[in-house]
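Q: I'm new to this one and would like a close look at a single part of it. Could you pick one residue, walk me through its surroundings, and then go on to what lies around that?

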Amino acid sequence: MPHSPPRTVAELTDAVLAGAHGPDPRDLTVTSAFWLYHTTRLAGGDVTYHNHYLLLRVGDAFGACSFEAGELSPEFCENASGHSLDKLLRHECAPVRTAALDAYLARVRPHRDADDAERVLLPTGTPEVRAEARDAAIAGLLDIAPGARVALIGVVNPLVAAIRERGGVCLPCDLNLRTTAWGEPVSDDMTEVIASADAVVATGMTLSNGTFDLILAHCVEHEVPLVVYAQSGSAVARAFLGAGVTGLNAEPFTFSQFSADPTPMYRYRADLASNGAGA
């Protein structure tokens, strides 16, 4: 169905509610809702990652969004199953809206059926093996010259290493980490970091915390490549391909950290030339 490329998450949500991307969200119902709290400390590391997720199942698709501690309580799931997506797309909580939007777009166009997606299978193995493979796949979406400055919005240490291995200079930014595994300082000022970057790599969690629109606008205005790695809102980020996003590593549920068996990711690419302020 033809539709204009979105410029913001809110604009995309309004288009979905108006039926521009497929069936009326009132006709799609959440069959399962999950609230997950998960921690990881990779072997040899001294950082424990604390992750909270909301997952909404709609038919054969899952919508996902990570959120900060205390932002959403487990009680939300008590009555979420059975709600139509149009109601959740208007919810007061941004992670709920993001997960609902992701569920809708993944239901309408599953990653597994997308002709423009490159399927990447993560190998069987330990969390360390799978994390390294995942982050190498993300970094593989970067086309950078040696010494290029790469802003990393949402820091995971294997991805810092993967950017370096491709010749980039990583500029890490995160609201929860203060240093990388190698002791370098991590900025909490996203605006400052992206202003000096030749390319940007951002987590899908930016879709729900209010920063994605700012990153997208900056990258469009300054013609800076933007790669998104997304467990949160992977189908949402896909809607911005060619409209500011130049690469996407989409990892729908089941996420890599929840399995030791092979699991799929889907990589998408768009030319920087197709991005534009009027897109």
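Predicted model: local features only at pLDDT ≥ 70, side-chain atom pairs only at ≥ 80, totals over all residues.

A: Leucine 55 is buried, because its relative accessible area is 0% and the cut-off for buried is under 20%. It sits in strand S2, which runs over residues 49-58. So what is leucine 55 in contact with, leaving aside its neighbours within four places in sequence? The partners are Ser32, Ala33, Phe34, Leu36, Gly63, Ala64, Phe253 and Phe255. Take alanine 33 from that list: it is 22 residues away along the chain, yet its C-alpha atom is 5.7 Å from that of leucine 55.

Now for the largest pocket, which holds about 1100 Å³ of space. S2 is among the elements that give two or more residues to its lining, along with strand S1 (32-40), strand S3 (61-67), helix H4 (127-139) and strand S8 (226-230). In total, 46 residues line the pocket, and Tyr49, Asn51, Val155, Val156 and Asp174 lie nearest its centre. By type, the lining splits into 19 nonpolar, 21 polar and six charged residues. Both domain 1 (9-112) and domain 2 (114-269) supply at least three residues each.

One more stop: helix H1, residues 9-17, where Val9, Leu12, Thr13 and Val16 are buried. These four are on the same side of H1, because they cover an arc of only 100° around the axis. Their cover includes helix H3 (94-108), helix H7 (212-222) and helix H8 (234-238). Just after H1 comes glycine 19, with a positive phi of about 85°.

Conventions
Residues numbered from 1 in each chain as written. Heavy atoms only, no water. Buried < 20%, exposed > 50% of the residue type's maximum accessible area, 1.4 Å probe, protein only. Contact = heavy atoms within 4.5 Å. 1 Å grid on protein atoms, 1.4 Å probe; cavity = no way out; pocket = protein on both sides within 12 Å on 5 of 7 lines; lining within 4 Å. Points joined across faces, edges and corners; volume = space filled by probe spheres on them. Nonpolar A, V, L, I, M, F, W, Y, C, P; charged D, E, K, R; others polar. Domains from an automatic or database assignment. Arc of directions from axis to C-beta.
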